[in-house]
Amino acid sequence: VQLVESGGGLVLPGGSLRLSCAASNSIFREYAMAWYRQAPGKQRELLAFITSGNSTNYADSVKGRATISRDSAKNTVYLLMNSPEPEDTAVYYCNVGAYYSGTYHPTGYWGQGTQVTVSS
(Lines give C-alpha, C1' and ligand atoms only; values in the text may rest on other atoms or scores of the structure.)
Protein backbone atom coordinates (compact mmCIF):
# COMPACT_ATOMS: atom_id res chain seq x y z
CA VAL A 1 0.00 0.00 0.00
CA GLN A 2 1.27 3.45 -0.89
CA LEU A 3 -0.14 6.60 0.63
CA VAL A 4 0.22 10.03 -0.96
CA GLU A 5 -0.70 13.16 0.95
CA SER A 6 -1.53 16.47 -0.69
CA GLY A 7 -3.07 19.82 0.12
CA GLY A 8 -0.43 21.36 2.33
CA GLY A 9 1.15 24.74 1.89
CA LEU A 10 0.90 28.20 3.37
CA VAL A 11 -2.35 28.87 5.18
CA LEU A 12 -3.54 32.08 6.79
CA PRO A 13 -4.50 31.97 10.46
CA GLY A 14 -8.26 31.70 10.74
CA GLY A 15 -8.59 30.24 7.28
CA SER A 16 -9.06 26.59 6.47
CA LEU A 17 -7.08 23.73 5.07
CA ARG A 18 -8.02 20.45 3.46
CA LEU A 19 -5.57 17.62 3.26
CA SER A 20 -6.02 14.50 1.16
CA CYS A 21 -4.41 11.09 1.43
CA ALA A 22 -4.81 8.75 -1.51
CA ALA A 23 -4.16 5.04 -1.07
CA SER A 24 -2.83 2.97 -3.93
CA ASN A 25 -5.45 0.25 -3.64
CA SER A 26 -8.83 -0.49 -2.21
CA ILE A 27 -7.61 -2.70 0.62
CA PHE A 28 -7.44 0.39 2.80
CA ARG A 29 -11.25 0.31 2.98
CA GLU A 30 -10.93 -2.55 5.46
CA TYR A 31 -8.73 -0.58 7.81
CA ALA A 32 -8.82 2.45 10.01
CA MET A 33 -7.01 5.53 8.75
CA ALA A 34 -5.41 8.33 10.71
CA TRP A 35 -3.80 11.72 10.40
CA TYR A 36 -0.71 12.58 12.40
CA ARG A 37 1.50 15.62 12.46
CA GLN A 38 5.02 16.38 13.55
CA ALA A 39 6.27 19.83 14.36
CA PRO A 40 10.00 20.61 14.53
CA GLY A 41 11.50 19.28 17.74
CA LYS A 42 8.31 17.49 18.75
CA GLN A 43 7.07 13.93 18.65
CA ARG A 44 4.65 12.78 16.02
CA GLU A 45 1.12 13.41 17.28
CA LEU A 46 -2.06 11.49 16.45
CA LEU A 47 -4.70 14.03 15.42
CA ALA A 48 -7.66 11.99 14.26
CA PHE A 49 -8.66 8.59 13.03
CA ILE A 50 -11.60 7.07 11.22
CA THR A 51 -12.53 3.41 11.42
CA SER A 52 -13.64 1.20 8.57
CA GLY A 53 -17.16 1.78 9.87
CA ASN A 54 -16.65 5.55 9.71
CA SER A 55 -16.50 6.19 13.43
CA THR A 56 -14.17 9.06 14.21
CA ASN A 57 -12.02 10.23 17.08
CA TYR A 58 -10.04 13.44 17.59
CA ALA A 59 -7.20 14.64 19.72
CA ASP A 60 -8.01 17.46 22.10
CA SER A 61 -5.68 19.75 20.15
CA VAL A 62 -7.96 19.69 17.10
CA LYS A 63 -11.32 18.64 18.52
CA GLY A 64 -14.03 20.98 17.26
CA ARG A 65 -11.75 22.34 14.52
CA ALA A 66 -11.00 19.28 12.45
CA THR A 67 -13.06 16.76 10.51
CA ILE A 68 -11.73 13.48 9.20
CA SER A 69 -13.64 11.71 6.46
CA ARG A 70 -13.08 9.04 3.84
CA ASP A 71 -14.27 8.38 0.33
CA SER A 72 -13.98 4.66 -0.22
CA ALA A 73 -14.78 4.95 -3.92
CA LYS A 74 -11.66 7.12 -4.30
CA ASN A 75 -9.52 5.28 -1.74
CA THR A 76 -8.98 8.65 -0.13
CA VAL A 77 -9.12 10.04 3.39
CA TYR A 78 -9.40 13.75 4.12
CA LEU A 79 -8.65 16.10 6.96
CA LEU A 80 -10.46 19.42 7.03
CA MET A 81 -9.28 21.92 9.60
CA ASN A 82 -10.94 25.22 10.32
CA SER A 83 -9.35 28.24 11.95
CA PRO A 84 -5.78 26.95 11.85
CA GLU A 85 -3.29 28.64 14.13
CA PRO A 86 0.47 29.06 13.87
CA GLU A 87 0.77 26.22 16.38
CA ASP A 88 -0.71 23.91 13.72
CA THR A 89 2.40 24.35 11.58
CA ALA A 90 3.85 20.88 11.04
CA VAL A 91 4.35 18.08 8.56
CA TYR A 92 1.10 16.14 8.30
CA TYR A 93 1.11 12.39 7.65
CA CYS A 94 -1.55 9.79 7.01
CA ASN A 95 -1.36 6.22 8.20
CA VAL A 96 -3.17 2.93 7.69
CA GLY A 97 -3.93 1.15 10.93
CA ALA A 98 -6.25 -0.93 13.04
CA TYR A 99 -8.79 0.04 15.64
CA TYR A 100 -9.34 -2.32 18.52
CA SER A 101 -9.56 -2.21 22.28
CA GLY A 102 -10.61 1.41 22.00
CA THR A 103 -7.30 2.47 20.53
CA TYR A 104 -5.85 3.26 17.11
CA HIS A 105 -2.86 1.09 16.29
CA PRO A 106 -0.67 2.43 13.48
CA THR A 107 1.04 0.25 10.95
CA GLY A 108 4.28 0.93 9.17
CA TYR A 109 2.46 2.36 6.16
CA TRP A 110 2.97 6.12 6.09
CA GLY A 111 2.72 8.73 3.43
CA GLN A 112 5.64 11.03 2.65
CA GLY A 113 4.03 13.88 4.54
CA THR A 114 2.83 17.30 3.47
CA GLN A 115 4.08 20.54 5.01
CA VAL A 116 1.49 22.90 6.44
CA THR A 117 2.62 26.36 7.46
CA VAL A 118 0.14 28.63 9.19
CA SER A 119 1.34 32.19 9.01
CA SER A 120 0.21 35.65 8.04
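## Strand 9 and its partners

Strand 9 and strand 11 run antiparallel and are joined by three bridges; strands here, like helices, are DSSP runs numbered from the N terminus, with at least two residues (E) for a strand and at least four (H or I) for a helix. Two strands count as paired if DSSP finds at least two bridges between them. One of the bridges to look for is Ala90 with Val116, the latter in strand 11.

Before going further, a friendly note on the model: it is predicted, so to speak of local features a pLDDT of at least 70 is needed, side-chain atom pairs count only at pLDDT 80 or more, and totals for chains, interfaces and linings use all residues. Residues are numbered from 1 along each chain as its sequence is written, and side-chain values use heavy atoms, with hydrogens and water left out.Strand 9 also pairs with strand 4, in the antiparallel sense and over seven bridges. Here Gln38 has Val91 of strand 9 as its bridge partner.

Tyr109 belongs to strand 10, which spans residues 103–110. Its relative accessible area of 44% makes Tyr109 partly exposed, on a scale where buried means under 20%, exposed over 50% and partly exposed in between (1.4 Å probe, protein chains only). Tyr109 and Val96 are 13 residues apart in sequence, yet their C-alpha atoms are 5.9 Å apart. Setting aside neighbours within four places in sequence, Tyr109 is in contact with Val1, Leu3, Cys94, Asn95 and Val96, where contact means heavy atoms within 4.5 Å.

Another group of strands, in the order 1-3-8-7, forms an open sheet with antiparallel pairing. Its edges are strand 1 (3–6) and strand 7 (66–71), each of which pairs on one side only. On average, neighbouring strands of this sheet are turned by 15° against each other, direction ignored; the axes are lines fitted to C-alpha atoms (for helices, over the stretch in contact), and angles run from 0 to 180 degrees between N-to-C directions.

Within the sheet, strand 3 (residues 16–23) and strand 8 (residues 76–82) pair in the antiparallel sense over seven bridges. Ser16 stands opposite Asn82 of strand 8. As background, strands of a sheet pair through backbone hydrogen bonds, either parallel or antiparallel.

## Two nonpolar cores

How many residues does the largest nonpolar core have? This core has 26 residues, and those with the most contacts inside it are Met33, Trp35, Ile68, Leu79 and Tyr92. A nonpolar core is a set of buried Ala, Val, Leu, Ile, Met, Phe, Trp, Tyr and Cys residues joined through side-chain atoms within 4.5 Å. At least two residues of the core come from each of strand 3, strand 4 (32–38), strand 5 (45–50), strand 7, strand 8, strand 9 (90–100) and strand 11 (114–118).

## Aromatic rings and a nearby arginine

The structure holds five aromatic pairs. Rings of Phe, Tyr and Trp (its six-membered ring) pair if their centres lie within 6.5 Å; planes under 30 degrees apart count as stacked, over 60 as edge-to-face and the rest as tilted. Phe49 and Tyr99 make a tilted pair, 5.3 Å centre to centre with 35° between the planes. This pair links distant parts of the chain, with Phe49 in strand 5 and Tyr99 in strand 9, 50 residues apart. Phe49 is buried at a relative accessible area of 6%, whereas Tyr99 is partly exposed at 43%. Tyr93 and Trp110 form an edge-to-face pair, 6.4 Å centre to centre and 85° between the planes. Tyr93 lies in strand 9 and Trp110 in strand 10, so this pair ties together parts that are 17 residues apart in sequence.

Tyr93 is buried, with a relative accessible area of 14%, and Trp110 is partly exposed, with 30%. Both rings have Arg44 over them: its charged end sits 3.8 Å from the centre of the Tyr93 ring, and Arg44 lies over the face of Trp110 at 4.6 Å from the ring centre. A charge sits over a ring if NZ of Lys or CZ of Arg is within 6 Å of the ring centre and within 35 degrees of the ring normal. Tyr36, Phe49, Tyr93, Tyr99, Tyr104 and Trp110 together form one aromatic cluster.
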